[in-house]
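Dear colleague,

Please find the structure below, handed over for your work. The notes after it set out the findings, together with the cut-offs behind each term.

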Amino acid sequence: MSQSNVFPVVLLSFHEQICGGFCGLEQNCSSRLSNVEWTIADHAWSKEWRGCSQFLQEALQTLQCHFNWCFLNKEETDVGHTLQTLAAKVQHTAYRNRGVYLAMQAYLQQLRGNYVEALGSLREAEMVLKQDHPTNFSRQALVTYGNYAWIYYHLANYEMVELYLGRIRQICQSLSSPEPYSARIPEIHAQKGWSLLAAGFQNGEEAKKCFQTALRGDKSNKDFQAGLVVSLFAAWTRSQRADHWKEAKRLVEIYHRRRPLNDEVKVHLACLLEKTDWQRAKRLAEEAVRSSLDPEVLRNAAMVCQLRAPSRAIDILQQAIALAPGYHLLHHDLGVCYANQLQQAAAPEEREETLTAAIESFKQAVEINPQDLNSRLVLARMYSERAPLHAQEILQNLVKELPSFGKRDQQVICLHWGDFLLHWKGLRREAAEVYEAGLALPGGSHKEWQQLRRKLEALDRMCEEDDERDCEREH
């Protein structure tokens with residue numbers, strides 16, 4: 001069989017495969033909010049409620065809650081991963097924000113169709129809010145009640161929808177809000193800020209605005225101050241801008257002096273200092289490792305050590321895995337540490353041992369969370385060196401699953417698949433087809449688009465150079 005026929009199924013009509021069927025995936029926030037009628041068709045509902053269904057939906061869309069905030073892109077979000085990180089936050093958070101984390105957990109559970117679990121999370125959120133905020137429970141409960149109302153609407157239980165809308169209306173009236181189902185109060189802005197951060201540090205800038213607004217209404221609130229500090233750090237991790245670093249370092253330093261036992265902030269400060277004051281950064285990270293049982297704190301401490309003290313980073317991650325063996329990101333990061341060591345390994349035996357450790361770590365991450373795209377891609381890269389057929393199988397499966405991924409992830413898959421075809425199979429024409437298909441994707445990330453374009457341009461130059469050499473030989 002010729003090389004060009006090695007991938008008949010995967011490469012056939014590649015443009016059609018990745019471009020066809022995507023049109024229906026594009027959704028904006030408003031369409032997600034209004035497109036709930038599918039649930040009603042699955043339930044028997046009484047005549048007397050049909051007339052008020054439209055009224056209920058209009059009221060629901062004015063609520064301040066996770067259903068209306070559009071704080072994550074469902075197409076781009078790994079819900080399983082976010083639920084896993086939320087569980088760790090609920091257990092280990094140093095702030096009085098467990099209630100909003102549980103309410104967010106309920107929202108994510110209903111996205112997966114787990115309505116019983118979602119209602120259980122909301123009941124737990126109510127209980128936690130009463131414990132953490134006994135003096136202003138009603139103000140804190142608006143988001144949770146909003147989630148209740150939406151979930152019961154999805155279940156076509158309109159009496160319960162009315163019940164929670166009534167509770168929300170009473171709270172808003174008591175706050176003299178001009179709007180019947182929403183209130184512009186600091187607690188709501190802060191809960192949205194925590195939710196944005198929990199959905200990913202890419203939301204740091206937006207979360208910062210939420211906490212700044214909350215602090216304008218309650219300047220002395222320590223939880224709001226903490227939220228601003230964390231959001232400033234998050235914004236810097238994404239932008240890497242010098243002005244963001246300076247602002248984040250200043251406020252994180254201040255907060256650390258006031259709360260020296262807060263291990264999360266301690267590790268954030270260590271990360272900020274890693275390039276400018278390594279000795280202090282390492283000391284802060286080690287202090288956090290000694291005192292914290294939070295796997296995310298240990299994971300971040302390992303990141304601080306990853307480049308300058310890779311063996312120590314591995315030890316810290318192994319300690320974290322002992323605490324939370326089911327947290328897939330710990331296994332992924334451990335694999336990254338071994339992959340970094342692989343670049344320094346000189347002796348064949350050492351290289352083989354390190355490669356085995358890396359493969360096993362990424363395999364474990366994928367077994368725990370099969371939707372972990374990064375681990376699947378890096379696992380394929382690790383296998384390329386030892387067992388190219390395994391790498392090929394992983395990448396072909398990802399290509400087949402392409403429509404289920406967000407646009408940026410589709411671009412990333414095109415990059416890796418094209419690289420494999422080019423560098424491991426020598427299939428230039430097929431690699432070019434994959435890169436071109438990635439470039440043709442609507443939306444996506446500008447960064448990945450630039451990478452695809454550079455790959456295609458480099459491939460064109462390679463072909464031109466080959467043509468020139470062929471001409472020289474002929475003459």
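In these notes, buried means under 20% relative accessible area, exposed means over 50%, and partly exposed lies in between (1.4 Å probe, protein chains only). Helices are DSSP runs (H or I, at least four residues), numbered from the N terminus. The model is predicted, so to speak of local features a pLDDT of at least 70 is needed, while side-chain atom pairs count only at pLDDT 80 or more and totals for chains, interfaces and linings use all residues. Residues are numbered from 1 along each chain as its sequence is written, and side-chain values use heavy atoms, with hydrogens and water left out.

Helices

The buried residues of helix α27 are E430, A431, A432, E433, V434, Y435, A437, G438 and L439. This helix covers residues 428-440, and its end C-alpha atoms are 18 Å apart, in agreement with the 18 Å that its 13 residues should span; the expected span is 1.5 Å times one less than the number of residues. Helix α13 (residues 158-174) has 17 residues and reaches 24 Å between its first and last C-alpha, close to the expected 24 Å. Among the buried residues of α13 are Y158, Y164 and C172. S176, with a positive phi near 55 degrees, follows α13.

F233 belongs to helix α16 (residues 222-239) and is buried, at a relative accessible area of 4%. The C-alpha atoms of F233 and L269 lie 8.7 Å apart, although 36 residues separate the two in sequence.

Salt bridges

The structure holds 23 salt bridges, each defined as a side-chain nitrogen of Lys or Arg within 4 Å of a carboxyl oxygen of Asp or Glu. R386 and E352 form one of them, at 2.6 Å from N to O. This pair links distant parts of the chain, with R386 in helix α24 (residues 373-386) and E352 in helix α23 (residues 348-368), 34 residues apart. R386 is partly exposed at 36%, and E352 is partly exposed at 42%. Salt bridges with shared partners also join K249, E253 and R280 into one network.

Because K249 and E253 are 4 residues apart in helix α17, about one helical turn separates them. K249 is partly exposed, at 23%, whereas E253 is buried, at 11%.

E179 and R184 also meet in a salt bridge, at 3.7 Å from N to O. E179 is partly exposed at 32%, and R184 is exposed at 61%.

Yours sincerely

Definitions and conventions: Helix = DSSP H or I, 4+ residues; strand = E, 2+ residues; numbered from the N terminus.
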